[in-house]
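Me: I would like a close look at a single part of this model. Keep it brisk, and then move on to the other local features.

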2 protein chains.
Amino acid sequence: MVDNIKFFFNPENIAVVGASNNPQKAGYVIVNNLIKMGYPNKIFPVNSKEENILGFKSYPTVYDINDKVEMVVLITPSKEIKRIIEDIENRMKKWNDIKVIVCAAAGFGELKTEEGRERERILVENSRKYGIRVMGPNCIGVIDNYNRVDTTFVETLMPPENKGKGGGISFISQSGALAASILMWGASQPVPLQFNKFISIGNMADVDFIDLLEYLENDDNTRVIGLYIEGYPKAGELIDLMRRIALKKPIVVLKVGRTSRGAAAANSHTGSLAGEDRVYDSVFRQYGIIRVNSIDELMDTLQAFDRLPIPEGNRLFLLSQAGGPGIFCMDTLSQFEFIDFSIIGKKSRERLRELLPPMASFCKPEGYADISASATVQHHTDALEILMDDSEVDGVLMITVVPTFLPKKELAEGLVSTYKRIKKHKNKPLFPVIMAGNWVKDIREIIEENGIPTFETPDRAARVAANMIKYSLFLKKHNAERQV
Amino acid sequence: MVDNIKFFFNPENIAVVGASNNPQKAGYVIVNNLIKMGYPNKIFPVNSKEENILGFKSYPTVYDINDKVEMVVLITPSKEIKRIIEDIENRMKKWNDIKVIVCAAAGFGELKTEEGRERERILVENSRKYGIRVMGPNCIGVIDNYNRVDTTFVETLMPPENKGKGGGISFISQSGALAASILMWGASQPVPLQFNKFISIGNMADVDFIDLLEYLENDDNTRVIGLYIEGYPKAGELIDLMRRIALKKPIVVLKVGRTSRGAAAANSHTGSLAGEDRVYDSVFRQYGIIRVNSIDELMDTLQAFDRLPIPEGNRLFLLSQAGGPGIFCMDTLSQFEFIDFSIIGKKSRERLRELLPPMASFCKPEGYADISASATVQHHTDALEILMDDSEVDGVLMITVVPTFLPKKELAEGLVSTYKRIKKHKNKPLFPVIMAGNWVKDIREIIEENGIPTFETPDRAARVAANMIKYSLFLKKHNAERQV
């Protein structure tokens with residue numbers, strides 16, 4: 001049965017039960033998202049009141065589709081579940097083709113009424129009889145950017161040319177609202193954020209964290225896993241599995257219920273338990289699972305793990321073109337005691353002294369250089385090259401507040417080509433902080449389009465660098481290596 | 001001499017020494033910024049090589065200007081300072097009109113060379129002879145949005161129609177780079193951020209934190225003061241003054257040098273001392289000065305203090321339309337032990353039960369409601385009205401992840417009119433979190449244009465609410481009231 005999980009991400013043909021011609025309905029947006037995504041197989045809208053939906057023939061029931069259907073998306077009122085399940089059962093007896101159901105509809109177990117629980121039972125138990133796996137109910141759906149599947153009813157405003165590019169981040173969210181806001185936020189970034197797989201897990205009536213993590217463990221397109229967790233009944237099993245996966249690829253977790261009041265709120269939402277959090281927290285620390293504290297940190301960290309190499313050690317160099325932001329960043333970094341600030345070699349010191357403008361100051365303290373507001377593009381790239389080349393440096397965090405008179409495109413391209421040149425023979429991350437809102441939007445776009453994440457503020461980059469170093473130390477301790 | 005400080009913000013006529021016709025030069029941008037700002041008095045470019053600059057007659061020296069000059073901006077190479085000071089002295093002997101100098105040029109004390117220090121001495125000592133106050137050197141200048149002064153060479157890309165609107169935030173930065181990036185970042189917000197006064201203080205060779213704070217203390221247009229501090233030699237005096245001001249208006253501080261390595265970096269930048277930080281920190285806590293930890297928190301907190309009333313107590317209600325983000329926010333809020341979660345009255349409970357959708361849950365735990373994804377615009381505004389009206393509630397933090405099918409404009413306008421209606425008779429802040437990137441840009445614009453700040457993530461709003469409550473408790477303890 002676990003095997004069927006793969007069909008959530010690459011089904012041959014999709015039926016959308018509850019499809020609609022009304023753009024104000026979720027049943028319209030789902031079909032429209034599949035079209036915009038360029039889903040390569042067939043789409044079968046199911047709605048007995050329509051002849052055609054968005055250019056496709058509409059069928060009265062799932063049973064009537066005269067072709068293979070591997071995925072069924074349900075976006076119908078929950079009270080119709082009994083009838084729909086009958087259609088599905090009839091279909092299975094004849095065609096035996098459905099592998100997965102995404103139940104986007106709400107009105108099931110989350111109502112905490114007898115009726116809601118009964119509907120959920122009907123959905124799951126009858127599906128199980130045929131080996132069909134169910135996502136949800138009460139979820140916003142599944143996205144696979146490689147296979148061009150998007151069953152969500154979230155309109156992200158992402159330009160169509162960015163749809164389906166795919167990245168290495170796979171994300172599982174226990175909250176549909178958080179999932180939707182992350183999708184929409186990601187689509188609004190200077191370079192829209194690309195997920196590999198994106199899963200809103202809903203009520204977990206059938207498919208749960210363990211099913212999906214076991215699948216993502218061996219998915220080569222998943223370079224990093226992101227999780228939003230409220231609570232999970234089988235905590236022990238989940239932790240064992242995360243522990244095994246973390247030795248192969250990074251897992252980044254936003255877990256709520258840290259405080260007793262937060263846990264009480266979570267309990268009234270998903271019925272998860274309060275005391276668990278301390279257990280999770282200590283286990284996360286021990287097993288190299290990165291726990292984050294904010295949505296910004298979650299997204300920043302996922303992007304960095306996807307796009308950057310993991311540093312080989314904990315020696316970081318902070319290179320700043322601006323005094324104030326540099327000092328502020330050093331303050332933030334120094335709170336992470338496991339970071340070791342690079343003591344660069346004698347040769348690097350001499351080269352920096354020769355090349356940098358007279359106002360530059362470096363190695364006061366060790367691991368820090370302020371190349372000053374008078375730094376040219378050449379000063380930026382020279383300094384970056386010297387530091388990245390130094391064998392005493394495992395990674396560079398670089399800050400620039402692009403002065404009005406520095407050529408912006410040249411700076412962006414210079415940084416990219418310097419980093420790429422060095423990356424050919426050294427496996428080191430660069431964390432570029434490009435401060436100044438829309439003024440530097442072009443620069444951030446050029447750098448990000450070249451596969452390097454950029455950061456808006458020094459503290460955000462500092463937290464991400466710390467998270468990557470923490471994971472690097474964990475891998476080292478266990479003689480492990482990232483496998484994707 | 002302190003009196004002359006006011007001329008930085010409202011000078012009659014400005015001479016720009018080092019003005020230029022080359023758009024790549026700071027001397028061009030300064031003149032251009034004054035024009036774009038709509039500076040109402042006369043602008044006199046000084047450049048012996050040009051006849052006209054940006055449409056104005058150019059003068060060979062300051063001495064040659066045949067009209068009143070109250071402010072001189074210097075953006076000339078520092079090695080020319082001796083000659084320029086001679087021109088200024090000659091002018092003062094004849095006209096005695098200059099009140100202030102903004103020395104934007106670098107190459108002075110910050111070089112830490114004998115030559116640099118000597119130049120700084122020439123600039124300041126000779127100015128003092130005539131009672132002229134000097135800002136800088138090595139600063140990016142001064143902005144006054146009410147009086148339409150902008151001597152900076154920062155291009156913010158802010159649309160001209162937003163220039164000069166003015167707000168209630170006055171900001172002093174010891175770092176020019178941080179100042180520039182904050183200006184550019186602020187201009188990039190959904191509704192561009194408006195400062196009242198914005199001051200880059202540079203080397204503080206003459207005008208320093210104390211001069212400016214004494215001025216802002218009594219400036220009625222300054223509702224909140226923001227500071228970026230690296231270090232200051234007269235810490236005792238500064239703290240006494242901040243203590244006095246904090247009883248009248250909020251002060252929000254980003255102070256670096258928290259860690260010994262951060263302090264070392266600060267020391268190599270501005271020569272400030274390491275050990276001081278602990279003193280500052282405990283004094284800030286005691287005297288109601290809000291210390292923030294990130295640039296985001298700094299800007300968010302300043303905007304909230306400018307636009308929102310200070311809550312009358314510490315009882316906060318968290319109203320969320322989305323489970324996950326609500327729980328996450330409760331987790332963040334609960335870390336601030338001085339927040340008391342509102343236990344609303346019986347009548348409010350009954351009204352909420354009647355009005356909200358069946359899936360809503362409230363007062364589990366107390367001070368929290370999840371109005372659920374099925375909430376309509378009416379549910380949003382009804383719930384807000386009930387809570388804001390309840391005498392047991394001092395402020396509301398409201399989260400919405402605007403679902404695809406909720407009419408966005410209606411929601412924004414509904415929230416604004418509900419809040420405004422209640423604000424007429426109750427003095428309570430509302431902290432609206434509108435999650436989902438560009439998807440909700442319109443909503444945020446409508447709300448912000450109506451004078452209510454909006455937040456992108458729950459944790460950012462939570463920190464700001466905590467900062468306002470902290471200040472409210474401080475005022476209460478001292479029987480003090482905000483005076484602007």
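Which residues in helix 10 of chain B meet helix 15 of chain B, and which residues do they meet there?

Reply: A note before the details: this is a predicted model.

Start with the contact itself. From helix 10 of chain B come Pro325(B), Phe328(B), Cys329(B), Thr332(B) and Leu333(B). They meet Pro458(B), Asp459(B), Ala462(B) and Arg463(B) in helix 15 of chain B. By class, this contact has six nonpolar, one polar and two charged residues. Thr332(B) is the polar one. Asp459(B) and Arg463(B) are the charged ones.

Now the geometry. Helix 10 of chain B spans residues 323-334, and helix 15 of chain B spans residues 458-477. Their axes lie 9 Å apart. The packing angle is about 35 degrees. The crossing of helix 10 of chain B and helix 15 of chain B is right-handed.

Next, the rings. Over all chains, the structure holds 22 aromatic pairs. One of them joins Phe171(A) and Phe195(A). This pair is tilted, with 50 degrees between the planes and 6.5 Å from centre to centre. Phe171(A) belongs to strand 10 of chain A and Phe195(A) to strand 11 of chain A, so the pair ties together parts 24 residues apart in sequence. Both partners are shielded. Phe171(A) is buried, at a relative accessible area of 0%. Phe195(A) also counts as buried, at 4% relative accessibility.

Another pair is formed by Phe431(A) and Phe455(A). Their ring centres are 6.5 Å apart and their planes meet at 45 degrees, so this pair is tilted. Phe431(A) sits in strand 20 of chain A. Phe455(A) sits in the loop between helix 14 and helix 15 of chain A. The pair links distant parts of the chain, 24 residues apart. Phe431(A) is buried, with 1% relative accessible area. Phe455(A) is buried too, with 2%.

Charges also sit over rings. In chain A, the charged end of Arg91(A) is over the ring of Trp95(A), 4.7 Å from its centre. In chain B, Lys408(B) lies over the face of Trp439(B), 3.8 Å from the ring centre.

One residue reaches across chains. Ser361(B) is in strand 17 of chain B. Its relative accessible area is 14%, and Ser361(B) counts as buried because the cut-off is under 20%. Setting aside neighbours within four places in sequence, Ser361(B) is in contact with Ser268(A), Tyr368(B), Ala369(B) and Asp370(B).

Last, the backbone. Most residues other than glycine have a negative phi, and most peptide bonds are trans. Several places here depart from that. A cis peptide bond joins Gly136(A) and Pro137(A), with omega about -5 degrees. Pro137(A) lies in the loop between strand 7 and strand 8 of chain A. Chain B has a cis bond from Gly136(B) to Pro137(B), with omega near -5 degrees. Pro137(B) is placed in the loop between strand 7 and strand 8 of chain B.

Phi is positive at Asn96(A), about 50 degrees, although Asn96(A) is not a glycine. Asn96(A) lies in the loop between helix 2 and strand 6 of chain A. Ala436(A) has a positive phi as well, near 135 degrees. Ala436(A) is in the loop between strand 20 and helix 14 of chain A. At 3% relative accessibility, Ala436(A) counts as buried.

How values were computed. Residues are numbered from 1 along each chain as its sequence is written. Chains are lettered from A and ligands numbered from 1 in the order in which they are written. This is a predicted model: local features need pLDDT of at least 70, side-chain atom pairs count only at pLDDT 80 or more; totals for chains, interfaces and linings use all residues. Side-chain values use heavy atoms; hydrogens and water are left out. Axes are lines fitted to C-alpha atoms, for helices over the stretch in contact, and angles run from 0 to 180 degrees between N-to-C directions. Helices (H or I, at least four residues) and strands (E, at least two) are DSSP runs, numbered from the N terminus. A crossing is left-handed if the near helix is turned anticlockwise from the far one by less than a right angle, and right-handed if clockwise. Contact means heavy atoms within 4.5 Å. Rings of Phe, Tyr and Trp (its six-membered ring) pair if their centres lie within 6.5 Å; planes under 30 degrees apart count as stacked, over 60 as edge-to-face and the rest as tilted. Buried means under 20% relative accessible area, exposed over 50%, partly exposed in between (1.4 Å probe, protein chains only). A charge sits over a ring if NZ of Lys or CZ of Arg is within 6 Å of the ring centre and within 35 degrees of the ring normal.
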